[in-house]
Amino acid sequence: MTKAAEENQTEPTQDAPRSAAVPTPPPGAPVSTTSDASPPRPSGRLPRVESLTGLRWWAAFFVFCHHMTQLAPLPIYDFLKYGVSGVTFFFVLSGFVLTWSAQPGTKIRTFYRRRFARIFPLYILTLVAAFFVFYRVDPPAAMPWIKPVSLTALALSGLLLHGWSNNPTVLYAGNPAGWTLSVEAFFYAYFPFVWRLTRRLKTAGGLILCVAVIVVSGAYKLALFHYKTQIPILPQPVLHSVAFLFGIGLAIALRSGWKPRIPVWFAFLVTGGGLYVLWYSGSHPANFPGAVTMGLCQKEILTLLYGFLILAVAARDIRGGRSLLRSRPLVALGQWSYAFYLVHATIMYAIKEYHGIAGPIGWSNLTWYAGVLALSIFASAVLYKLVEHPMERLLRGKR
C-alpha cells in the first residue's frame, strides 16, 4: 500500500519543476486554481488534490472486504475477492502523487530519507505485532495461515526485500500485507531517476507513457502465457511497475495543464462496471468472449480503471469542483488508511484463531464486518496519532 498518497504534498527529487510547492488548505476546503484554459504557471503552485486522500480510504476498505471473506463470508464473497485489486489502485496513486507534488531543491538522499520516515517506523511496529499472530514454533495444522518461524523470511521482510521472491512463504512473510511495501520501496528507489527522464514531458508525452507501459506489460503477460518455458516470471516489484509508471504519466499530463471534464459519478460507474466485467468473465469464461485474455491482462485492465478514476477525481479538484471526498471524516480516514491497511488483517486473523470462522455464508455476517472494521479503525487512529505521524515528523528532518 502506498504511503506516498497519504498527503499529496510529498517531497520529491531535486530535479522537480519549480511549480510544485503545494499549500495545505483545511480538509474539505474547495481548491482554488487558475482557469481551465491555462496550465499551471512555471512560478506558480499546484493545488492540493485533497480528494485523493478520501478516495484512498475506499481503496483500503475494499482490501479489508477482501480479507474479511476469510472470517465472515457474505453471499457476494466471490466478487469481494477483487478487493485485493485495491493494491493496484495504491500503486497508481503512488506514482501520481509523487509526480504531482514533485518540488525543486530536494536532494535525492533527502527524498529517500523522507520516504523511509513515512513508511518504515509503523511498518516495523506492525511487523512485530504480526509475528505473534502469524508465526509459531509448532504451528497448528488446522490453521494454515500460521507459519513456522523462519529467520531468513523474517529478515527479508524487515528489510523490505521479501517482495522479490515469488515463493508465497517469503512473499507474504512477516506481516502478510507488507509485500506491497516491498514493491513500494522499489518504486521509491527508481522514482528520482524516472522523474529526471520524464520531467520535461507535456500532456501528450505523459499519455504516451501511460499507453506504452500498458502495451508493454500486456504483451509480456500474453507472451508468458504462450511461451511459458522460454520467458521468465518477473518478481512482483517489476510486474507492478506498470501501475506506478501509469500514475506518473497521468500526473505529467495534468501538471501540463490538461483538465479533462470527466464526471466523477461516471468514473465510479466505469470502475465498478469494469470490476463486475472482470468478475463475470472470470466466473463464466465460456459465456464471455476474450475471457482468457482479460484474465491474463487483469492487472493492466485494473490499472486503466483505477487510473481513470484517479484522473477524474484529481481533475475535478484542480478545477475547484465540490467533493464529498474532501470532507473531514473521509480525509481523516484517508490519513489513517496506511495504519489501517497494516493492522486490519492482523486483527482479523487474531480473532479467527480464537473464534474460528464466523459462521456460514450469509448477510448476518455483516455484524462481523462492522465490529472488525470499528476495531481496526480505532487501532489505526491510535497508531497514526501516537506512532506514525510523530515518528515521521521526527525522522523527516529539514530539506
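A salt bridge, for today, is a side-chain nitrogen of Lys or Arg within 4 Å of a carboxyl oxygen of Asp or Glu. Hello everyone, and please keep that rule in mind.

What we have here is a predicted model, in which local features need pLDDT of at least 70 and side-chain atom pairs count only at pLDDT 80 or more, while totals for chains, interfaces and linings use all residues. Residues are numbered from 1 along each chain as its sequence is written, and side-chain values use heavy atoms, leaving out hydrogens and water.

Let's begin with the whole chain. Its secondary structure comes to 15 helices and 2 strands; these are DSSP runs, numbered from the N terminus, with helices being H or I of at least four residues and strands being E of at least two. Of the 399 residues, 55% count as buried. Buried means under 20% relative accessible area, exposed means over 50%, and partly exposed is in between, using a 1.4 Å probe and protein chains only. Among contacts (heavy atoms within 4.5 Å) between residues at least 6 apart in sequence, 83% join residues at least 24 apart.

Now back to salt bridges. Side chains of opposite charge can pair when their charged atoms come close. How many salt bridges does the rule give? The count comes to 6. One of them joins arginine 396 to glutamate 392, with the closest N and O atoms 3.5 Å apart. Both residues lie in helix H15, 4 residues apart, which is about one turn of the helix. An α-helix has 3.6 residues a turn, so residues three or four places apart point the same way.

Glutamate 392 also forms a salt bridge with arginine 118, and there the closest N and O atoms are 3.0 Å apart. Arginine 118 sits in helix H4 and glutamate 392 in helix H15, so this pair ties together parts that are 274 residues apart in sequence. Through shared partners, salt bridges join Arg118, Glu392 and Arg396 into one network. Are these residues buried or exposed? Arginine 118 and glutamate 392 are buried, and arginine 396 is buried too.

Phenylalanine 116 belongs to helix H4, residues 108-134, and is partly exposed because its relative accessible area is 42%.

My last stop is helix H14, residues 328-355. This helix has 28 residues, yet its end C-alpha atoms are only 35 Å apart, short of the 40 Å that a straight helix would reach at 1.5 Å a residue. That expected span is 1.5 Å times one less than the number of residues. Where is the kink in H14 centred? On serine 337, with a bend of about 50 degrees, taken as the angle between axes fitted to the seven residues ending there and the seven starting there. H14 is mostly covered, as 21 of its 28 residues are buried. After H14 comes glycine 356, whose phi is positive, near 85 degrees.
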